[in-house]
Amino acid sequence: MTLLSVQDLKLEYDGRTILDGVSFDLAQGELKVIMGPSGSGKSTLLRCLNRLTMPNGGRVVFEGRDVLGPDVDERALRQRIGFVFQNFALYRHLTALQNVTLALRHLRRMPAAEADERALRQLARMDMQAHAHKYPAQLSGGQKQRVAIARALAMDPAVLFFDEPTSALDPLMSREVVNILHQLRDERVSMLCVTHDLYLARAAGGRVMFLDQGRIHAEGEVDELFGPNADPRIRAFFHQELQQAQAAQPISPAQPISPAQPMDGAQPVDPSGPAGSPER
Amino acid sequence: MSFLQILLQLTGGVGYTIMVTVACSLTGVVVGLGVAMLSRLGASWLSAVLGAFTFIFRAVPVLVLLFIVFFGLPNAGLRVPPLVAMMLSLGVIAGAYLAEVFRGAFDSVDASEVLAAEAMGLSRFQILRLIEIPQMLRFAVPGMINEFTTVLKYSPFAYTVGIPDVMKEAMSLSATTLRGVEIYLAVGIIYFLIYKLLVTGVWALEKRTRIPGLTG
Amino acid sequence: MISFLAQMLEYWPQVLSGLGNTLLLAAVISVTGLVGGVVVFYLAISGGPLRRRLTEGYISFFIGTPLIVLLFLMYYGLPQWGPKLTPFTVAVIGFTLNVAAYNARYLMTAFRGLDPDELQAARAQGFSDMQVFQLVILPQVMRLSVPALTNQVILNLKDSSIAFLIQYAEFFAQMQDLAIRSFRFLDAYLVAGAVYLALVSVVVVAARWLERRYVLPGVRRAR
Ligand SMILES: Nc1ncnc2c1ncn2[C@@H]1O[C@H](COP(=O)(O)OP(=O)(O)O)[C@@H](O)[C@H]1O
Ligand SMILES: [Mg+2]
């Protein structure tokens with residue numbers, strides 16, 4: 001069953017075309033990855049889907065209803081979509097727990113005790129209950145990410161949007177994010193994940209779309225997209241990313257990342273992952 | 001008359017000095033918050049009007065505005081009680097300065113948090129109340145302390161409209177005893193102690209509501 | 001209002017001399033306050049801990065006590081011991097002590113933002129402490145403080161009206177005089193307010209120009 005359907009989405013900004021006719025569907029319980037270089041319009045695309053930005057043309061249908069119409073209840077729509085931002089965007093003046101309860105208290109009008117209980121359950125689901133009373137500044141990047149996900153999940157959204165969930169994390173923590181995505185996928189949470197991180201795009205294990213210059217150039221299973229017959233644009237992007245990755249840090253021989261040799265999705269949980277010491 | 005006796009004599013006015021300072025500071029916070037919030041939420045023409053308001057009230061001397069309100073308005077048939085006159089002059093001017101402090105503090109609120117709150121489905125007003133104002137007020141503490149200090153330092157103008165504050169007490173005392181140097185030295189010390197109390201108090205309050213990692 | 005302005009024209013020389021006195025006082029204390037601020041700043045950062053404590057105490061005391069108290073002490077109090085200073089002298093001394101404290105604080109704030117390595121480097125090159133102060137510290141700190149220092153000039157201009165309370169015949173005192181003679185208090189004070197607004201606007205424009213010219217590129221502003 002189709003949960004979200006996007007047809008021919010267009011957006012211009014100051015005469016520049018940012019989105020140039022994007023179309024795709026997301027089924028109930030599906031995890032879909034949109035991959036593309038920086039500046040290709042990924043964040044903008046996500047923002048158009050919950051009306052944080054209004055596109056100039058096209059159609060978006062979510063849960064059977066037109067999203068872009070004139071009399072859509074914008075705030076009700078947004079409450080159905082969990083959004084996990086690139087830099088987590090946790091509210092810095094609230095504890096992890098308060099970050100999660102905020103929407104429950106003020107949008108669901110839930111009594112404090114009930115909201116706390118529910119929030120603690122979500123934090124436990126992300127293995128963060130021990131840190132419930134810490135402030136964002138006292139959490140590591142990976143921990144913040146988990147709180148941000150718990151915050152999004154607490155409202156029982158129909159779908160989760162991830163904007164570059166690994167870009168602010170180190171490689172070990174990126175692997176943790178992949179594990180979380182797999183956990184949520186196994187729980188049949190619908191997810192749309194946008195990233196320029198090749199590792200994430202491949203390891204997530206969903207269908208992957210390649211967005212470049214506001215257009216989707218290819219869509220397919222991981223292996224097709226990354227295989228020897230890949231779209232030349234993808235190859236070029238791949239090449240560039242790989243060079244950057246190699247320049248940034250030597251890749252361990254145990255985990256080769258190369259276009260010719262697709263990598264397994266699941267990775268072992270690293271014990272020194274997000275539960276470790278907070279970055280300071 | 002010993003220095004200690006002078007000090008004791010003057011403390012009769014301390015209550016009024018504190019009352020004027022607190023009343024004008026509160027006026028300033030209310031006006032400043034109102035202006036900063038309206039220019040954050042309102043249309044651009046409204047921000048322009050509010051910008052003109054803050055410019056004008058930061059350009060006119062406190063004493064001049066106080067005289068306009070207290071001695072001038074009766075010409076237009078409007079009689080204003082002394083404390084209200086202080087609030088409408090010193091308080092509103094403090095409000096204009098605080099509006100700038102708050103505007104700057106609002107700009108320190110992370111835009112991505114506001115966006116995340118929007119994406120959550122919170123209304124604009126909820127975002128202001130739940131995210132922006134709680135953070136902004138904490139960022140604004142140093143600026144607020146500066147402004148409250150300024151209010152305290154201009155509060156002696158209250159004597160010109162007949163409020164029996166420390167300054168007024170000192171003037172009558174020096175008229176009868178002719179010991180101006182000791183008296184005004186004592187006044188200076190009293191104001192300095194009130195200032196220290198005020199600064200320590202506000203920082204203590206800040207410390208109690210401090211959030212790790214939010215401010216410096 | 002029109003008739004008041006006509007009346008004001010009659011007393012034009014008096015009003016004008018008041019305006020002149022206001023500008024004179026504001027200009028003098030802006031200069032002496034700046035020089036005093038630099039001196040206090042130098043004393044604060046160059047000596048041992050005792051001197052630093054003393055200068056910090058000075059800054060804190062003058063920031064924490066009303067200027068008017070100091071002016072009254074000198075003008076109404078001192079004559080009991082002999083010297084009767086003129087209102088202008090009292091105003092210049094009082095304002096200078098006060099403004100210097102504020103300016104020193106702005107300079108201290110800017111100083112804390114400097115890169116300590118840079119000062120170390122200057123010392124390593126063989127410059128004396130005084131040379132480091134003159135050649136490295138002061139030029140940067142002054143530029144960083146341009147917005148705060150020009151703002152202080154605006155405060156000086158406005159606060160010069162306080163001198164009217166010690167009988168200095170500045171602009172507001174003359175307008176007060178006019179108000180009493182004409183019984184047009186509201187008109188007189190409104191005109192006074194408008195004149196201060198105009199004067200401040202001129203300083204603001206000049207300050208913007210100065211800022212554009214002297215603020216170091218790529219350096220955060222002192223606040
Ligand atoms: N608010 C904005 N104002 C101007 N240009 C924008 C804005 N948001 C995005 N853009 C432009 O839109 C393009 C896509 O941006 P974005 O969606 O952030 O890309 P991505 O997330 O894929 O890196 C970029 O070229 C960017 O410069
Ligand atoms: Mg992006």
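What share of the contacts in chain A between residues at least 6 apart in sequence join residues at least 24 apart? The figure is 67%, where a contact means heavy atoms within 4.5 Å.

Before you click around, some ground rules. This is a predicted model, in which local features need pLDDT of at least 70, side-chain atom pairs count only at pLDDT 80 or more, and totals for chains, interfaces and linings use all residues. Residues are numbered from 1 along each chain as its sequence is written, chains are lettered from A and ligands numbered from 1 in the order in which they are written, and side-chain values use heavy atoms, with hydrogens and water left out.

**Stop 1: chain A**

You'll find nine helices and ten strands; helices (H or I, at least four residues) and strands (E, at least two) are DSSP runs, numbered from the N terminus. Of the 280 residues here, 54% count as buried, meaning under 20% relative accessible area with a 1.4 Å probe and protein chains only (exposed is over 50%, partly exposed in between).

Now colour two pieces of chain A: domain 1 (2–80 + 158–248) and domain 2 (92–157). These bounds come from an automatic or database domain assignment. The C-alpha centres of the two domains are 25 Å apart. Where they meet, 18 residues of domain 1 are in contact with 14 residues of domain 2.

How much area do domain 1 and domain 2 of chain A bury between them? About 1200 Å², with 61% of it on carbon and sulfur atoms. Buried area is the accessible area (1.4 Å probe) that two parts lose on being put together, summed over both. On the domain 1 side, show A:Gln79, A:Leu160 and A:Ile180: they lose the most area to domain 2, together 38% of what that side buries.

Stay at this interface and look for charged pairs. The rule finds two salt bridges between the domains, a salt bridge being a side-chain nitrogen of Lys or Arg within 4 Å of a carboxyl oxygen of Asp or Glu. Then pick A:Glu187 and A:Arg125, whose side chains form a salt bridge at 2.5 Å, N to O.

**Stop 2: chain B**

Next, select chain B. Which does chain B have, helices or strands? It has ten helices and zero strands. The C-alpha trace spans about 70 × 45 × 20 Å along its principal axes, and 53% of the 216 residues are buried.

UniProt, in an unreviewed entry, lists "transmembrane region" at residues 12–39, 45–73, 80–99 and 183–205 of chain B. UniProt positions are given in the numbering used here, feature names are shortened, and annotations may be inferred rather than shown by experiment. Residues 45–73 come out at 90% helix and 0% strand, with the end C-alpha atoms 29 Å apart.

Zoom in on B:Thr21, in helix H2 (residues 14–41). Why does B:Thr21 count as buried? Because its relative accessibility is 4%. Setting aside neighbours within four places in sequence, B:Thr21 is in contact with B:Phe148, B:Val151, B:Leu152 and B:Ser155.

**Stop 3**

Of the two pairs of chains in contact, chains B and C share the most contacts. Highlight 41 residues from chain C and 39 residues from chain B to see who takes part. Together the two chains bury about 3300 Å², 73% of it on carbon and sulfur atoms, and there are zero salt bridges between them. Chains A and C have no contact, and their closest C-alpha atoms lie 22 Å apart.

**Stop 4: the nonpolar cores**

A nonpolar core is a set of buried Ala, Val, Leu, Ile, Met, Phe, Trp, Tyr and Cys residues joined through side-chain atoms within 4.5 Å. The largest one has 229 residues, and those with the most contacts inside it include A:Phe24, B:Val187 and C:Met175. It draws at least three residues from each of domain 1 and domain 2 of chain A.

Finish at C:Met175, which touches C:Phe4, C:Met8, C:Val15, C:Ala188, C:Val191 and C:Ala192, not counting residues up to four places away in sequence. A second, separate core has eight residues, among them B:Ala59 and C:Ile154.
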